Amino acid sequence: MNHGIKRGLAALCILSATAGAFIAAPAAAEERPLVLVVPYPPGGSTDILARILQPRLSQQLGGRAVVVENRPGAASQIATAFVARAEPDGNTLLVSFDNHGINPAVKPKLPYDTFKDFVAISQTVRFPLVLGANPSVPGDNLKEFLAAAAKQPPNKFNYASTGVGSLNHLAPEELKRLSKVELLHVPYGGGGPAIQAVVGGQASMTWLSFAALRGQIQAGKIKPLAVAGDKRLPDLPNVPTVAESGFPGFVAYSWSGMFAPKGTPEATVKKLTADFKAVLADPEIRKKVTDAGFEIVASDGPALDAYVKSEYDRWSAFIKSSNINLDN
C-alpha cells in the first residue's frame, strides 16, 4: 500500500471517529441522571415528596435515572445556590420549599437572586402545617394548650423549626402575636432533626407536614394539636384547624415546586413541566401523595412564579409589622 492510500485511510478513520463522537455526545448527555436537589436532610417533607415521585418520574423519562440529592444547610440556601450555579441543561433541578419565597424577605444577602436566577417548572404540591407536640405538653388541642401555657411563665414551652425565617418559624410567631402566649423558638437543620427534638423532649412542639409527622403520630410519640389549613385533614378528623381554635382566617400552607437554573432552554422547561404533570396525574402517585398529606397542585411555571411572589409579599408585610427576631 503506497503512502498516499495510507494517509487517506488514516484521515478517513479520524473523520469517522470524530463524527462518532459528535453523534454520541447528545445521547450521552441525554443519559445523564436527572438530579433532584433537596434543601433538607432525609425525613422532611421535600425529601419525602421527591422520593415518592422519583421512580415514576424515571419511567416518564423513558427509564432515565433520577437521583435525589440532599444538600441541607443555611435554611435551604446551600442547595438553592448550588442549583443556581448548575449547568442550565435541565439535568439539575431544585425541589424548592416554602423558604424559596420567604428567604428574600428575611435574608438581606442571599448567594443568589430568587426572582432572577431560576426558571419555574411546576408547583407540585402544597400542604398545611400540622402542630405536633411532645405527649407531655398539656392539652389535647391548640385551644387547650394555649389556655394552659398562658398560666405558665413566658417561654416555658418552645417550638422547633427548620431554620430562622422558615415558614414553621414565621407561622408560630404570627400565632404568638395573635394569642399573646410566648413560646421560645429553637431552630434546627431540617424537619427530621426537629421531629427528633420533639420526640426526645428537647423541644415542646414543631409545625411540619403530616407526611413528616405521620409515623411519630401513629406511634404515639407526637400528638397533633392543630392543622393550619382551611379544613381538617381526612387522616386527622378530630384535630381542629387553627382557625377553628379561635383564630379565624389563619392558614399556613407549605409547598414544594421545581425550579431549573436560569438559561435552561424553553423547550426543556416545557417538557419538564409536562413530565411532572404527567407523573402527578398517575393514579398510583396521586394516592401516595395524598395519603402522605399533600394536596396536588401540578401548576405550570408562570403560576409557580406568581405564587412565590404572593408568599414573599405576605411574609414581608408580616415581618415589617412585627418585632420578630431574624438573627441566626
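The model is a predicted one, in which local features need pLDDT of at least 70 and side-chain atom pairs count only at pLDDT 80 or more, while totals for chains, interfaces and linings use all residues. Residues are numbered from 1 along each chain as its sequence is written, and side-chain values use heavy atoms, with hydrogens and water left out.

The description begins with an open sheet of 6 strands, in the order E2-E1-E3-E10-E4-E11 and with mixed pairing. Strand E2 (66-70) and strand E11 (295-296) stand at the edges with a single partner strand each, so one side of each is left without a neighbour in the sheet. Helices (H or I, at least four residues) and strands (E, at least two) are DSSP runs, numbered from the N terminus; two strands pair if DSSP finds at least two bridges between them.

Within this sheet, E1 and E3 run parallel and are joined by 3 bridges; Val-37 has Leu-94 in E3 as its bridge partner. E3 pairs with E10 in the antiparallel sense, again over 3 bridges, and here Ser-96 has Gly-257 in E10 as its bridge partner. In E3, 5 of its 5 residues are buried, where buried means under 20% relative accessible area, exposed over 50%, and partly exposed in between (1.4 Å probe, protein chains only). In a regular strand the side chains alternate between the two faces of the sheet. Both faces of E3 are covered, with Thr-92, Leu-94 and Ser-96 buried on one side and Leu-93 and Val-95 buried on the other.

Strand E4 (residues 118-128) runs antiparallel to E11, to which 2 bridges join it, and Arg-126 stands opposite Glu-295 in E11. Helix H9 (residues 266-281) packs on the sheet, touching strand E1 (34-38), E3, E4, E10 and E11, and its direction makes about 20° with that of E4. Contact means heavy atoms within 4.5 Å. Axes are lines fitted to C-alpha atoms, for helices over the stretch in contact, and angles run from 0 to 180 degrees between N-to-C directions.

Strand E4 also holds Gln-123, which is buried with a relative accessible area of 5%. Residues up to four places away in sequence aside, Gln-123 touches Trp-255, Ser-256, Gly-257, Val-297, Ala-298, Ser-299, Leu-304 and Tyr-307.

The axes of H9 and helix H10 (residues 283-291) come within 5 Å and cross at roughly 80°. In this contact Val-279, Leu-280 and Ala-281 in H9 meet Pro-283, Ile-285 and Arg-286 in H10.

Attention now turns to the nonpolar cores. A nonpolar core is a set of buried Ala, Val, Leu, Ile, Met, Phe, Trp, Tyr and Cys residues joined through side-chain atoms within 4.5 Å. The largest such core has 32 residues, and Leu-53 and Val-289 have the most contacts inside it. Two or more residues of this core come from each of E1, helix H2 (45-60), E2, E3, E4, E10, H9 and H10. Leu-53 touches Met-258, Phe-276, Val-279, Leu-280, Ile-285 and Val-289, not counting residues up to four places away in sequence. Apart from this core lies another, of 31 residues, among them Val-106, Leu-131, Ala-149 and Val-242.

A further strand pair joins E5 (residues 130-133) to E9 through 4 bridges, in antiparallel fashion. Ala-133 stands opposite Lys-223 in E9. Strand E9 (residues 223-227) is mostly covered, with 5 of its 5 residues buried.
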